[in-house]
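Here are some quick notes on the rings, pockets and cavities, written as numbered points. Have the model open alongside while you read.

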Amino acid sequence: MSTKPLPYSMRDVDYDNAKFRHRSQFKVMTQSLTNSSTRIDCIKCTLGKFLILLLIIGLTFLFLTNKPTNNFEPTTFQNTSFTESTETFQNTQNAPSKRGRLWRWPPRLPPRVTPDEINKKDEKLDNEIWVKRQEKVKKAFIHAWSGYKTYAMGFDELMPLSKRGTDGLGGLGATIIDSLDTAIIMNEQEIVNEASNWIEKNLIARINEKGQVNLFETTIRLLGGLLSAYHLSSEDSSSKMARVSNREKLLEVARVLGDRLILGFSSSPTDIPFSDVYLREKIARPAPDGLSSTSEASTLQLEFNYLSEILGDKKYYSECMKVLEHIKTLPKVEGLVPIYISPQTGQFSGQNIRLGSRGDSYYEYLIKVWIQQKDKRDNELKYLYGMFTEAMRGVRNRLVRKSVPKGLVFVGELPYGSDGGFSPKMDHLVCFLPGTLALGATKGITKKKATESKSLSNEDLENLKLAEDLAKTCFEMYDVTSTGLAPEIAYFQIEGERDNGPHGGNTSSEYINDIVIKYNDRHNLLRPETVESFFVLHKITEDPKYREWGWQIFEAFEKHTKVESGGYTSLDDVTTVPPPKRDKMETFFLGETLKYLYLLFGENDVLPLDKFVFNTEAHPLPIIESMD
């Protein structure tokens, strides 16, 4: 038999069952130090055990000898400036403790703010800024009205420097009617009362007494203004707007005026109306040269269509729509038309094609009349959308160019027709086009909604891109001048044709070498077309830059055109500071320019473009769901 010991058997000789029973920590430690096997293990890790024990003792000491401080409070940052709160924090950090502060509890910081809460706060601050800016536009309108009321009440327009009135639009008190719906939208009830009382007491008598008026100007400014104020004063209108108390009187005056103006249509031997109406004599005649402007003959339909709607009399609709139905049959250049048309022959006269004066609003009303008649869009008036689409292709193919050296997109002219040369001339009036292009692309809804509903065609997207490019050019026509206000006409440098004419005066502008402003074109008439397009584009794209651009333009108007005694004045030269003044406040400054700026800075759901269509004088009329 082997005498060798069994493997590991002797390890159990001193087996102590007590180590499986509950023992105090002190007994465990004592036994560990006296136990042989533990002693062997402890020798191997004495340093580690010692450090752990030391750490435990140190933490226990610190815990027992220190209490949390109340010197720092999270409310330190509330209602104080950043500098103040920083100093408080530093003082708290450096404050001595009673025991030397070997250990400090961490400060209690303010609760975390989520990204959504930050965005809401930023949005609230942004809204507050635009509310204040909108209020400044309202104050400008009140200042303009105050000057007119004080020095020119009952006249068509104010001459603010001379402090007197002038009649250049037939003597019907044009500023009063043109301003009325602006005052309604701005909730200026006192001005609404003053204007509507004057209309009720005086306008019908003046219609019976006065002589010659221009069919186009009287329709868009006066008839449009009366109809817009009538609608906005209805019970269905916003509670945030003022109202005309006796709105039925507005409709009565509109009917009387409409019956006189319709003579321009019924007196003509063709479907093209005469340009001049004689109110007292109840007759109409052509202009001295026998021609009508294409834009004037074709920019009457929104107003007469709505008059037919609310009176239940289709004669106004039938007369005015004959014009567009007739133009549909005439030859065109990719949808583009000459700027003159003869009411004697019904044919275009000359070859001059442009989207500035005498041509502009023809293209605007093609899409707006189509939008206005909602129930006729896909049948009776489908041809209008086709004419608009073809015309915008013609604009892109024949009139759009880029300037050099910086590449501004602009719309030029064909003064001698499609076979003649191209002119890099662009009226400020052309700045209506960006808004019209955007409106035609989305039909008044936002770009986001149109994209989600997949209603934007490739051509719509092209038109939207062109609209935004042109809007930038229109802004640069302002920014390039010394005053920050646009000239009436600008020329653009193009490849191969260098124009050595004068620039706008603002040498810090990136586009100072792209734009030429000739001496006879340097005036500014307080026109609305650029801010009109900003208003439409902001509603459709929701891009904040259009607001910022609009604000910059408004500040320039305030700085250079405001007359302290009341009113605002046109300028003779926007390229010099201080600019020489013209002594004229156009009616459209109150009726359009300030209205569009006010709406641009306001809430986006006011007068939505899928519910209202603005006539070419900025008078909003409701979209007609159906016309019986």
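1. First, a term. A cavity here is a set of grid points where a 1.4 Å probe fits but cannot get out. Keep in mind that this is a predicted model.

2. Across the whole structure, the search turns up four cavities of 30 Å³ or more.

3. The second largest cavity has a volume of about 50 Å³. Its lining consists of Asn214, Leu215, Phe216, Pro273, Phe274, Ser275, Ser292, Glu296, Ala297 and Leu300. H8 and H11 are the elements that give two or more residues to this lining. Six of the lining residues are nonpolar, three polar and one charged.

4. Now the open spaces. The largest pocket holds about 870 Å³. There are 32 residues around it, with Gly602, Glu603, Asn604, Asp605 and Val606 the closest to its centre. Helices H5 (115-152), H8 (215-232) and H21 each supply at least two lining residues, and H5 gives the most, with eight. In terms of class, you get 13 nonpolar, nine polar and ten charged residues.

5. The second largest pocket comes in at about 760 Å³. It is lined by 32 residues, and nearest its centre are Phe216, Glu217, Arg221, Glu296 and Arg527. Phe216 and Glu296 also turn up in the lining of the second largest cavity. Several elements give this pocket at least two residues each, among them strand S3 (212-214), helix H11 (294-297), helix H14 (360-372) and helix H19 (529-541). H8 has the largest share of the lining, five residues.

6. On to the rings. A pair of aromatic rings is described by the distance of the centres and the angle of the planes. Counting pairs with centres within 6.5 Å, the model has 19 aromatic pairs. Take tyrosine 596 and phenylalanine 614: their ring centres are 5.8 Å apart and their planes sit at 40 degrees, so this pair is tilted. The angle falls in the range left between under 30 degrees for stacked and over 60 for edge-to-face.

7. What does that pair connect? Tyrosine 596 is in helix H21 (residues 587-600) and phenylalanine 614 is in strand S14 (residues 612-614), so the contact ties together parts that are 18 residues apart in sequence. Both partners fall under the 20% cut-off for buried: tyrosine 596 has a relative accessible area of 1%, and phenylalanine 614 has 4%.

8. Last, a cluster and two charges over rings. Trp130, Trp551, Phe554 and Phe601 form one aromatic cluster. Arginine 133 lies over the face of tryptophan 130, at 4.6 Å from the ring centre. Elsewhere, arginine 401 sits over the face of phenylalanine 422, with 3.9 Å to the ring centre.

How values were computed:
Residues numbered from 1 in each chain as written. Predicted model: local features only at pLDDT ≥ 70, side-chain atom pairs only at ≥ 80, totals over all residues. Heavy atoms only, no water. Phe/Tyr/Trp six-rings, centres within 6.5 Å; stacked < 30°, edge-to-face > 60°. Helix = DSSP H or I, 4+ residues; strand = E, 2+ residues; numbered from the N terminus. Buried < 20%, exposed > 50% of the residue type's maximum accessible area, 1.4 Å probe, protein only. Lys NZ or Arg CZ within 6 Å of the ring centre and 35° of its normal. 1 Å grid on protein atoms, 1.4 Å probe; cavity = no way out; pocket = protein on both sides within 12 Å on 5 of 7 lines; lining within 4 Å. Points joined across faces, edges and corners; volume = space filled by probe spheres on them. Nonpolar A, V, L, I, M, F, W, Y, C, P; charged D, E, K, R; others polar.
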